[in-house]
Structures are given as structure tokens and as C-alpha cells.
Amino acid sequence: MGIAKASILVVDDEPHMRDMMTMVLTNDGFRVDAIADGREAIARLAENRYDLVVCDLMMPDVDGLEVLAQVKTRAPDALFILITAHASVESAVAALRQGAYDYLLKPFDMDELSLTVKRALSHRQLVLENMNLSAALLHQLRARDALFGVSQRIVTALDQQEVLKSILEATLNTIPQADLVVIHHYPTAESGLASVSLRADDAQRDSQGMAPAAAIDETLIQEAIRRQTSLYLPEHVHGPDDSCGTLMVLPMLLANTVMGTLSVVSEQPHAFSDDQQQLMAMLANQAAIALQNARLYAEARRIDELEALRDAGQAISQTLDLQQTLTTTISSACKLTGASMGEIYLREPTHQRPDSDVTLTRYLAGISPSSAPTEGDSPPTEADRRRAEIATQVASNRRPILIPNLTADEEASDTAHHPRAYLAVPLVAGDTLVGVLGVVSDRPDSFTTDDLRLMQVIAGQAATAIENARLFEEVERRWEQTEALRTISQSIITTLDLNQVLELVVRSVTATIPVAARSALYLLDQSSGEFTLEASASRRKSRPAHDIEEARDRVIRLATGQHIIAYEPNVIGQDGVWSLLAAPLKIGDTIIGAICLESPYAEAFSSDDQTLLSAFASQASIAIQNASLFRDLSSAYVDLASSREEILRSRNTLQALFDGITDGLYIVNQDMEIIAINQAEAQRLGVSPTRLQGMVCDESLWGEAAGELRRLVQLSLMNEQEQSWPSQASTPNRGPFADRDVHIYPIISTRGPARRAIIFAQDVSEMRQLQASLFRSANLVAIGQLAASIAHEINNPLTVTIGNAQLLQLDIDKSDPRYELTERIVQSGMRMRRIVQNLLDFSNQESYQFAWVELDETVEGALMLIAHPLRKDNIRVLKEMQGLPRVYASANHLKLVWMNLLLNARDAIHARNGEGEIRIKAESLGDNVRICITDNGGGIPPDHFEHLFRPFFTTKPPGKGLGLGLYTCHTIVSRHQGQIHVESQAGQGTTVCVTLPIQQTMESEIAAMEG
């Protein structure tokens, strides 16, 4: 601004002087305000800005020196000229010392006033120009210093995102007029243009400090790249309102290679000076070098990362041991990211209920997890708890979290206020959350986006490996428990003596659940309602429990009253804290007793222990009921008819008991949406209960069984009556409901029609096996009684017949024709005696009597019993059984096996209505003997093979067979430690091979004799 536009304040109490000075200064082109009072002058200084103040020294109230002081305070840039008389020269000098520019001595002419004022304003303008020039030079020096520091940071950075961020921030910091900076670049030599931007107001920044690129005319970018020169548009029209600003596009060149462009936008036109344009050109050159370095570093690091990821993936996936998998995962993550420590938080499968929160358990490399610190372990620090909170957040959101600087505000004092970087990513296998992988670095800001990407790759590999290891451990554990339960259950169910059943149950439970120190079995007296201790078993060296009788009675009453597994983890006794676990013994909805376990530790029993005890209780209930039923029925076996009636009545009773045992439980609405499902059924379907809730029960869940069950549910809701779908219904494929009876009960509502139903799916496979055993026992009892009666009634007259024939032979000469007749009588009688003896041997099947037997004799004995039906159907029997060793076996049971197989062959040939042939071939195989029975019947369809040895499965017409023949054969051969194998093709006959060991082990013989 020139001095002609300067504003002047004139202060003088004499009107004539004031008017004259105003006229002279106004004529010189200045803007003049004239006032007569010093106090008013001070007020004007507070309201207006003046370049110069001309003030009289002597004024009433407030003098000129006081006005000078106010000028220096309120308008320090304004100059001050004092008007004084010769007598007040000392005051004028004092004014100069206080900062006045000059003074005028009265009287003075107007030219002197004009000259003094112009000289003062010229001086002021020169001072301001010098100040602006100094500021500009200082700004340029600072900008170049900043550019030098920024250039060093840009060039030394190796992460591409960090380079881009540094270029954007450096441009904004170096060019104050810049409102927006945009970079278009090629991330790799083969990729297209990508872009990022940054605004001066930071309003659009993301977590990396950058925002999506703002819109810039693409043709300008392409032109700058093609020409490899800068474009400067001082009046560039942009924005929705067609506002005018400044745009500069600079190519980032490295030799003759264009790495991209640097675009700088200002809201003001003509915003960038020549010097600033040079600074931007320098920045563009530095940016090109930095981007090339980052690209080369990324390519080299990508190769190293791929090799490291390959090695890490192989190391993680090469084992099924869970702890080793966790350790390898943490080690690989630390190695790839340079972290100082790693940790994994695993989601506990037992907490994946619909109403549960995400529960994580922390694993460190080489350290086993623990729910509470044990003796010698250090308690978790505040930093540990903070990281656990972050891991829980990652697990809940299933998104990674990168915290570059966990400061002292976020970590506790135990970290000595040392900032750390923390990176956590979720471990997800398919749709299943496995846990969280986290790494910690002692250096803040040490983790980059590349580290995040690597962690996500490792997490994907680790999640699958951890899930596989967990599944492997679960399969192994389930297999061990199932095998133990199967063995024990088989022993329990096959024992019909009640006392033996009770003792076997408590011993088996104590042996299978190691944490239990004592098990006790109580039976309910239905008349008094009291529980009586019937059997107990304790581990050796286990301390006795005192003063917990009340708690024991309470947990038993809770289990039997609510039909649940009752658990009291902390029971205070004289000798310490105990855990009590009780399961009800029930048949259907009827309580018959309870099993109670005791452990001398707090919270000793796990959910697996509870599940195992529940399974034991189910098996024990069946065994106790069977033993009780057998004891009640044994006294009622009077003759064959009554025995048959009692067996049928027992079968119906057992059927009713098995129908009351529920395995699967659903609650569905009228749209077949699952409202609730129990854990056992969810595990059977292989899906968590949380995911199943709300799912529609269609073919994707139940297969072909969905249509029939949907119809039964709708019928039950409409009629408000129970509907059943037995397992033996004629349905091609029952999906997950094979071997299960399904019962549907409507939930009756008082407010309207039923809208929900309960579906019970009951496993009847064990019931079928028990039925088979009972039928076989009943048939053998009947045959035994019949055989004994036949032997008694036939052997007496047979003895008389043979004896008289032999007496006749003594009186008849051998040359007499009658002698041959008597010889035939003796031979026929002896044959009848062998038939009766075989029949007696066949009937004695309940007792396994092992001895050295001739294998061909057992086959001949079976052939003798069924010789008539074979001759009747015109079936030839061919035998190859020479030179066989003796075997240690139960001869009576082997006869039953051969007879069942021969009858099956006879039936298969008879069904073809053709001439038949049965071939029996036996051969020695080292320590074993193999017998194969081959027929030329119709063969067995392929879809029947998996059901051949199941009880009550038969391909014969109704009334022609019970389906127990092959089941009985399989049972007897298994007791002999042998194997039975069937080979058949439809229309080409069937071969059944039985392989038996020559020498039985002592354990198998004892087990067979006890069975």
C-alpha cells in the first residue's frame, strides 16, 4: 500500500490548528480524522487503525505523552509526530525516547508539516517492506530446510504407503497455499494408475493419514505423463460451483521412466510463486526416487515373504499336535514381523453356546494354558489384560487391529511407561472363529501394513491347522471314550445278574473317569421314595469323605428331581473341598435310582466327565432294568408256551423303555424353523446350536427325511396330538434319523392353536441288539427243553430197539438173510442216537465250553441236523476238508454257525427254483483255519451289505425269518476271536468265509465263558 492511502489521526485542542492541519494533509491525499481531546484519541485508537498520529503536547485532561504511550500499546506499527513549543523541547526529546518518530516546533509552516508527514510515512513503508522481505527469506530458508529433512525421510522410507504419506504431508507442509495434494502412481511396473490424496484440513484422512483421491481431470494427468513436463494452471476451474483456483501437475521422473504425477491444488488463483514451483519440482524428483526404492524393496520383500510364508505354512501344517501347532504359529509370526513376543487366544469350544459371549484362553509359545495362575506362575499384568481386551474385540468384530503405539496411558506402570506396538488378527477357519493371533514389538510404530498382510496370511494357515489339531484331539478323545464305553456297556448289558450289574457299573465308572475317587449307586424304593445305597467303588489310596452326606443327598435329589446332571463343584468337608456329580438312572420318565461321583478336589469334573457319566447312566439304567426284568421273568418260565409269552411281554416292555430314552431334541415352529436344539443333536449334525437356531429344517439339514417330518409336524399341530415315525417305517433314506424312532408332541397353548412342536429322536440301535439277544436266548431255552424231552422220550425205546436187535444177532447166523436186517436196525438206531445227541449239543448254546475239537466233525454235525431240508430241495453238498488241524473252540457254537450259514444258502438256492449246489471248503492258514461256504443262489444286492450283521435285518419274505442268523454267527465268531466275511454278486451266488484262530487266548476264553 502506498503512502497516499495512509490514514492519519490529528489531535489538537486548538480548532484553528486542527482545521489547518486537516486541510493540508487532506490536500496531500491522506485520509484524516481530527479530534480535539486526548481521551477521545485513545478511544479512537481502540476502534480504528491509523498509520500515523499527529498530536499536540499540551492538552487539557490528557497530554500528548500519554497519547503516545497508548499508541505504542494499542497500535505499535503506527508512527507518532509530536507538536510542541520551543519551551517544551525537553518534552519533545522525551517523546523521541519513548518511540515518537519526530516532532514539530510551533510555530511551523504547512510545508514543513507536509514534508515531515511524508517523510515519516515513507520511512514506515520502507520498514514494512524490509520486514516482509526478511519474513519471505526466512520462510524460504525454513521451507528448504524442511524440504531437505523431508527428502531424507522420503528417500529412506521403504514401505510404499509410508512413502506416499510422507510425500503428501511434505507437500502440504512445504507449500502453505496448498489445499489438496494428489498422487497418481504405478504401484508396480505392470499395474495401472492408483491414486491417493490428502487435504490440508485433515478432514478426509483414514487410519493411514490418506484419503481416496479427489477428482482431477484425467486428461491433464495423462498429458503430464506423456509430455514428461509440468503443467501449471493459475486459473483452473474446478468444483461443483465452477470456482477458480490453481492447479499444478508435476511428473515424477526417474531417468526416462515416469513413476506417476504429483498434483497440488489451491483454492486461490495464482497461488504458487516461482520459488514454490521449484520446491514442488524438487519434491517430485525426490518422490520418484523414493517410489522406485519402495517398489524394488516390495518386490524383494515379496520374494522373501513368499519363501518365509511357504516355510511357515509347511511348519504349521505338518503336525496334528495342538501345542506344537500353536508354538510353531507364534514362532513364524514373530519371525516374519520382527516381533519380540507372540501370543494366541483360543476360543473355548465348550463356551460356544447361543447365550454365551466369546471366551478366549491365552496361549504363549511353549506355555500351557491355565484358567488360574498356579503356584510359581506370575499373575497377569495390566498390559496382559489390556491385550486380552483387544483380542476379545478382534474376536467379536473378526477384524484385525493394528495399534502402532500402546502408550503409558494404555499400558500399566509395570511396562515402565515403555511404548509398544501391537498387532492382532482373527483366526478364522471357514465360518468358524478359532481365536486371535497377536504379536508385540518393543519398538513403537514398528508394524506396517505389510506386517498386517503377512499376519492375515499366517492366520489363515494357522486357523485351519489349529482346527485340524483340535479335531484330531477331539476324535482321539472321543474314540477312546467311545471304545471304553462300548466295552463296558457290552459287559454291563450282557450281564443279567443284578448284583453283578451294580458292582460292574460302579467299578467301570470309577475306572473310566480318573478324577473320581469314589462312585456310588443308589436305587429308588418306589414305595417309600427313599434312595438305598446298593453298590460303591473307591480308588486305592483315596482319602475318605467326611461330613458331606447332606450335600450328597442334595445333589442326588436335584439330579433325580429335575432329570438332569447335577454338579456341586465346591462342597466343604472336614478334609477340604470336594466335588460331587450325580446322574439320574431312569427308564423313560421313570426314575429308578442315581449314580453319584465324589472327587477330593474343587471343580474337578469337566463337561466331558458329565457327558460320559450321562452315557454311563443311560447304559446302566438299561442293564439294571434288564437284570431286574430277567430276575422277574426267570421264575415264570414253566413251559415253552409260557416262556414264549413272557419273552414277548419282556420284549414289549423293553421296547417301551427304549422308546422313552431321548437322544435328539428339537423345538420347531409351524414354519419348521428351529427354536431350540440340544447339544447332543447339534453335535450329531456337525453344526453348533447357535448356527442352527433360526435355520429351517429342510433337505439341506435332514435330507430325504425332511418331507416326511414336515408332514408329521403339520399334522401334529393341526390335530394337537402326538405323531410318531418309527425307525422301521418304509422310507428309502431317513438321513440323520436312521435307526431312530421319532416322536412329535405339540405344545398346547391356551391362547390359540398350537404353533410349536417338540421333536424327540430316539436311538434304537442298542435296543435292537438287546432284542436279538433275548430272542436267541428264548429260542435256545425252548430248543433245550424240547431237545431234553425228545432225548428222554426217544432214547429209552431206542435203547430197547438196539438191544433187542443185537440179541437177535447172537441167535442168527451171519449168513442168514435176517442177520442183514438186524444189522440195519442197529445202524439206524445208532444214527438216531447221534441225531438226538447233536440236537442236545445244539440246544446247549448259552455256555461256551472251549476244548480241542475236530473242525470237520462240527460241520458234519450241522449237516446231519439239516440233511432233510437239503435233500428235499435237491441240493448237493460238496466238501473239501481233508488234513485240517484241531482248533480250540466251543463245538456246539460252531455247529450253530455252520447250520445258520447252510440254511441261508439253502434259502438262497430255493428262491431261484433251480438245482442247487453248496460247496464247503476248509484250509489251514498258518495259525488260523478258514472255512468257506459257497452257494449258487441268487446273491445279495450291494445295498444290503452294510446291514447284513444287524439284528432283525432280513431279505426273506415276512414270516420266513427273524433276521438273527448272521447276527448270531457274527457274535459267535467274534467270541472266538475270528472274522466273518461275505462276498456276493447278484445272480452269481454267495460265499461266506469264517476265519478262526487255532489257539484261543486265555482272556477270550474267560470272556466267552463269563458271557
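Q: How much of the protein chain counts as buried?
A: Of its 1011 residues, 43% count as buried. Buried means under 20% relative accessible area, exposed means over 50%, and partly exposed lies in between, with a 1.4 Å probe and protein chains only.

Q: What sort of model is this, and how are residues numbered?
A: This is a predicted model, in which local features need pLDDT of at least 70, side-chain atom pairs count only at pLDDT 80 or more, and totals for chains, interfaces and linings use all residues. Residues are numbered from 1 along each chain as its sequence is written, and side-chain values use heavy atoms, with hydrogens and water left out.

Q: How many helices and strands are there?
A: The protein chain has 26 helices and 33 strands. These are DSSP runs numbered from the N terminus, with helices being H or I of at least four residues and strands being E of at least two.

Q: What about helix α13, how far apart are its ends?
A: The end C-alpha atoms of α13, which covers residues 549-562, are 20 Å apart. This agrees with the 20 Å that its 14 residues should span at 1.5 Å a residue. The expected span is 1.5 Å times one less than the number of residues.

Q: Which of its residues are buried?
A: In α13, the buried residues are Ala551, Arg552, Val555, Ile556, Ala559 and Thr560. Seen down the helix axis, the buried residues of α13 fall within an arc of 160°, so they line one face. That arc is taken from the directions from the helix axis to the C-beta atoms.

Q: Why would residues three or four places apart point the same way?
A: An α-helix has 3.6 residues a turn, so residues with that spacing point the same way.

Q: And which residues are exposed on the other side?
A: Glu550, Gly561 and Gln562 are exposed on the other side of α13. After the helix comes His563, which has a positive phi near 55°.

Q: What covers the buried residues of α13?
A: The cover includes the strands β17 (518-524), β18 (531-538), β19 (566-573), β20 (576-587) and β21 (590-599).

Q: Let us take β17, then. Which strands does β17 pair with?
A: Its partners include β18, which runs antiparallel to β17 and is joined to it by 7 bridges. β17 also pairs with β21 in the antiparallel sense, over 6 bridges. Two strands pair if DSSP finds at least two bridges between them.

Q: How many residues lie between the strands in the hairpin of β17 and β18?
A: There are 6 residues between the strands, and Gly529 in this hairpin takes a positive phi near 75°.

Q: New topic: how many disulfides are there?
A: The count comes to 1 disulfide, where a disulfide is a pair of cysteine sulfur atoms within 2.5 Å. Cys932 is joined to Cys993, with an S to S distance of 2.2 Å. Cys932 lies in strand β31 (residues 928-935) and Cys993 in strand β33 (residues 990-997), so the pair ties together parts that are 61 residues apart in sequence.

Q: Are those two cysteines buried or exposed?
A: Cys932 counts as buried because its relative accessibility is 13%, and Cys993 counts as buried at 14%.

Note on methods:
Contact means heavy atoms within 4.5 Å.
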